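Here is a brief report on the packing and side-chain contacts of the structure below.

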Amino acid sequence: MSPRFCLEVAGPFACFTRPEMKVERVSYDVMTPSAARAVFESILWKPAIRWRVQRIEVLKPIRFINLRRNEVSAVVSTRNVQQAMAAGSGTLGLTIEDERQQRAGYFLRDVAYRIHADLSLAPGCAEPLMKYTEMFTRRASKGQCVNQPYLGCREFAADFRLVTADAPPATPIPDTRELGWMLHDLDFTRPADPQPRFFNAMMERGVVQVPPFEEARG
Amino acid sequence: MSLAHRYDFVLIFDVKDGNPNGDPDAGNLPRLDAESGHGLVTDVSLKRKVRNFVGLVKDQAERAPVDGEKRFEIYVREKAILNHQNQRAYSALNLASAPEEQAQVATENEVTDAKKKKPAKEKRKGSADEVALARQWMCQNFFDVRTFGAVMSIGVNCGQVRGPVQLTFARSVEPIVALEHSITRMAVATEGEAEKQQGDNRTMGRKHTVPYGVYVAHGFVSSFLAKQTGFGADDLELLWQALGQMFEHDRSAARGQMATRGLYVFQHDSELGNAPAHALFERLQVAPKTPGEVARGFDAYGVAFDGQGLAVGAEVQAAPGVKLRRVC
């Protein structure tokens with residue numbers, strides 16, 4: 001059996017953007033498996049290992065905040081680029097203020113999750129799994145990471161804490177609700193063109209069970 | 001020189017009679033967490049000031065860096081076209097954008113719809129080597145690209161860069177009060193306006209301020225990502241300087257008086273870090289000296305690490321393998 005790890009992540013904001021509403025970002029109600037995987041990977045990842053998110057426990061009530069920011073739209077006239085290409089360099093015709101886009105975001109606030117994931121070796125890897133489980137335990141318990149994990153977007157940095165087997169169990173929120181179709185993860189078998197896969201997420205008493213990626217639908 | 005440590009930092013700044021960051025959704029009122037009443041300043045607002053500061057103090061001449069030279073141009077600046085900058089990367093490296101791509105540009109020019117689809121297609125063009133070279137060139141030339149990263153896969157492909165510096169939203173220590181001031185002006189802009197007022201020529205405007213607020217933002221520097229973008233020790237020093245002085249060069253009618261009141265940097269001995277960031281941040285307390293009293297100056301606040309104040313430049317051992325330095 002592959003070893004399972006649990007991390008508790010928390011932060012003041014989070015945005016797990018729904019792909020169908022990504023222009024004005026709207027977050028899913030709950031952390032997506034792909035975002036949870038990225039948290040584990042920001043602590044330890046090697047080409048030899050795979051993280052599989054099994055379960056997400058929601059520890060704080062689902063609440064939202066609305067925020068609008070100035071962003072860059074940057075759809076640049078191809079004609080201008082052509083001219084610049086011909087000249088090798090070129091004068092600038094537009095200002096960044098003209099390329100401005102105001103986008104609202106519907107973010108989660110005050111979130112905390114316990115995320116559970118299995119660590120397994122990539123096919124064809126001959127190294128002992130123990131090496132990686134030890135590495136991960138060591139790093140996570142000391143608060144070490146390759147880059148600070150975040151909750152969906154980089155500005156929403158996450159606090160993380162390794163939850164050991166003897167730690168008291170979490171108390172997820174008592175909500176039970178259908179979350180609908182939710183992004184599971186992206187299929188990177190063709191790296192140039194990753195395809196999303198979805199699963200029918202159900203939160204039962206604050207716990208979302210994540211089915212294996214193979215069962216998720218494209 | 002590349003970074004050999006992980007850094008976590010806390011930026012403390014205050015505002016007096018100004019609007020630190022307007023909310024476009026709320027008629028430019030100071031950003032407010034409606035539930036708790038705390039003020040917010042977005043990460044992008046702070047990054048903009050860092051960029052502006054570096055743009056001021058460093059040479060911004062548009063030229064390619066000579067071999068081995070690191071330049072400090074700002075990519076996302078005012079009066080710039082992103083795609084054009086990307087193109088310069090290609091020109092500088094003499095990478096011919098694929099000829100068929102150019103032809104495509106020409107033929108699809110008239111079709112407005114194609115504009116939307118084309119970047120996605122172009123994104124996948126260009127060999128991996130060319131993209132890597134262009135990305136490297138961009139990092140070498142642009143301070144903000146190697147610091148914050150940039151998505152440059154628009155149009156001409158330069159790939160994506162994830163920067164080592166990660167900033168969070170700043171939040172005020174205490175709930176803020178947003179004041180609204182009505183102001184008048186004694187002139188009008190157009191003839192029509194004057195006629196409407198029968199020559200009175202007085203209009204009213206509105207200004208929003210926070211009488212006083214202390215804000216705290218957290219940030220992180222990953223040495224692993226720094227290696228990928230070439231972000232070095234000198235860049236880090238410039239970042240600290242920018243965070244310390246950026247408000248001094250951002251004076252405007254709207255801002256009132258803003259100033260950096262503290263920059264506390266946790267330096268971890270190891271690259272991975274020696275302590276969880278949140279555990280360190282929690283020990284740095286920014287709090288009003290007399291709770292409940294109306295604060296109108298930074299004097300009313302105290303900053304203490306484990307109950308102990310730090311002078312500028314002071315250094316303490318925060319945890320095994322973690323040094324805390326107050327940079328400014």
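A disulfide is counted where two cysteine sulfur atoms lie within 2.5 Å. By that test, this predicted model holds 0 disulfides over all chains.

**Cysteines**

Take A:C15. The closest cysteine sulfur to its own belongs to A:C153, at 4.4 Å, which is too far for a bond. A:C15 is buried, with a relative accessible area of 1%. B:C328 is partly exposed, at 24% relative accessible area.

**Nonpolar cores**

In soluble globular proteins, nonpolar side chains tend to be buried together. The largest nonpolar core here has 54 residues. Its members with the most contacts to other members are A:L7, A:V30, A:M31, A:I56, A:Y113, A:I115 and A:F136. Strand β4 of chain A, residues 100-121, supplies the largest share of this core, with 7 residues.

A:M31 shows how the contacts run. Leaving out residues up to four places away in sequence, A:M31 touches A:V9, A:F16, A:A36, A:V39, A:I56, A:Y113, A:I115, A:L151 and A:M182.

A second core is separate and has 36 residues. Among them are B:F143, B:I176, B:V221 and B:F231.

**Chain B and its helix α1**

Chain B has 328 residues, and 51% of them count as buried. Its secondary structure comprises 10 helices and 15 strands. Among chain B contacts with a separation of 6 or more, 71% join residues 24 or more positions apart.

Helix α1 of chain B covers residues 43-57. At 1.5 Å a residue, its 15 residues should span 21 Å. The end C-alpha atoms are 22 Å apart, which agrees. The buried residues of this helix are B:D43, B:S45, B:L46, B:K47, B:K49, B:V50, B:R51, B:F53 and B:V54.

**Aromatic rings**

B:F266 lies in strand β11 (residues 257-268) of chain B, and B:F305 in strand β13 (residues 301-305) of chain B, so the pair ties together parts 39 residues apart in sequence. Both B:F266 and B:F305 are buried.

In chain A, one aromatic cluster is formed by A:F5, A:F40, A:W51 and A:F136. A:F136 is also listed among the core residues that touch the most other members.

| Charged residue | Ring | Distance from ring centre |
|---|---|---|
| B:K58 | B:F72 | 4.3 Å |
| B:R146 | B:F72 | 5.0 Å |

**A:N200 on strand β7**

Where does A:N200 sit? Its place is in strand β7 of chain A, residues 195-204. Is A:N200 buried or partly exposed? A:N200 is partly exposed, with a relative accessible area of 45%. Not counting residues up to four places away in sequence, A:N200 touches A:E178, A:G180 and A:W181. A:W181 is 19 residues from A:N200 along the chain, yet their C-alpha atoms are separated by 4.5 Å.

Key: Residues are numbered from 1 along each chain as its sequence is written. Chains are lettered from A and ligands numbered from 1 in the order in which they are written. This is a predicted model: local features need pLDDT of at least 70, side-chain atom pairs count only at pLDDT 80 or more; totals for chains, interfaces and linings use all residues. Side-chain values use heavy atoms; hydrogens and water are left out. A nonpolar core is a set of buried Ala, Val, Leu, Ile, Met, Phe, Trp, Tyr and Cys residues joined through side-chain atoms within 4.5 Å. Buried means under 20% relative accessible area, exposed over 50%, partly exposed in between (1.4 Å probe, protein chains only). Helices (H or I, at least four residues) and strands (E, at least two) are DSSP runs, numbered from the N terminus. Contact means heavy atoms within 4.5 Å. The expected span of a helix is 1.5 Å times one less than its number of residues. Rings of Phe, Tyr and Trp (its six-membered ring) pair if their centres lie within 6.5 Å; planes under 30 degrees apart count as stacked, over 60 as edge-to-face and the rest as tilted. A charge sits over a ring if NZ of Lys or CZ of Arg is within 6 Å of the ring centre and within 35 degrees of the ring normal.
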